[in-house]
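Please open the model in a viewer and show the side chains.

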Amino acid sequence: MGHDTSSKQSEVIKEVLVLLTDEWADWEIAHVTPEINADPQYQIKVIGVDLEPKISIGGLKTIIEDVVARYDTVDSFNSTALILLPGGYGWGKYHYPEIVSFLQKAQEAKIPIAAICGATVFLGKNGFLDEIQHSGDEKDYYLEKTNHRGADLFLEKQVVTTDGFITANETAALEFAYEILKLLKIRTPDELRQWFDYYRHGLYPQ
């Protein structure tokens, strides 16, 4: 079900910025990043608040290629297709004002933002979801942690795509990937549905 990466073009058209925090949730982007990386239209670039390697909850030590502070103008996002925010424990431990500024500038540049699990709480706490429908982890927990004005727009769904945001709960890694791949137009609609069903039901459905 994978792509042939041997034909990947040398010239990258667009970057998908994967923003990692300390103790990021590696499994939450495990479905989507290989598909993006295999598509010749896109290049994954891993960024953070600093250049220190980030260690995931699963113990994966990941190199950071660039810092959010460099994206300080709308033009900084000229080669950006999407910003991807995996969840993790770091979102609840730190305020990350640099990330708030980064995401505000990305919004100004009209770059889609995809967030899952703890990253949706971060978006809610910082006002990004006040006026749009969105999802996240268990509703009572989410509202307790965010206390934001968009509480009545929270939907108890696996994933919600609206107004430049894709938001999902911690059990929705596959649905999250599906919405991102659909947004980026990776695979045809029929191919994408087959891909989703393959991983949803397994090689040998019970």
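Select R193 and Y178: the charged end of R193 sits over the ring of Y178, at 5.7 Å from the ring centre. Keep in mind that this is a predicted model.

Stay on Y178 and look at its burial. The residue is buried, with a relative accessible area of 14%, which puts Y178 under the 20% cut-off.

How far apart are the centres of the rings of Y178 and F196? They are 5.2 Å apart, and because the planes stand at 65 degrees, the pair is edge-to-face; the cut-off for that class is over 60 degrees. F196 is buried as well, its relative accessible area being 6%.

Now colour the helices. Y178 belongs to helix 6, residues 173–184, while F196 belongs to helix 7, residues 189–201. The pair therefore ties together parts that are 18 residues apart in sequence.

Move on to R70 and Y71. The charged end of R70 is placed over the ring of Y71, 4.5 Å from the centre of that ring.

How many aromatic pairs does the model hold? The count is 11. One of them is made by Y71 and F77, a tilted pair with 5.3 Å from centre to centre and 40 degrees between the planes. Are Y71 and F77 buried or exposed? Both residues are buried.

For the last stop, select W91, Y94, Y96 and F122 together. These four residues form one aromatic cluster.

Key: Residues are numbered from 1 along each chain as its sequence is written. This is a predicted model: local features need pLDDT of at least 70, side-chain atom pairs count only at pLDDT 80 or more; totals for chains, interfaces and linings use all residues. Side-chain values use heavy atoms; hydrogens and water are left out. Rings of Phe, Tyr and Trp (its six-membered ring) pair if their centres lie within 6.5 Å; planes under 30 degrees apart count as stacked, over 60 as edge-to-face and the rest as tilted. Buried means under 20% relative accessible area, exposed over 50%, partly exposed in between (1.4 Å probe, protein chains only). Helices (H or I, at least four residues) and strands (E, at least two) are DSSP runs, numbered from the N terminus. A charge sits over a ring if NZ of Lys or CZ of Arg is within 6 Å of the ring centre and within 35 degrees of the ring normal.
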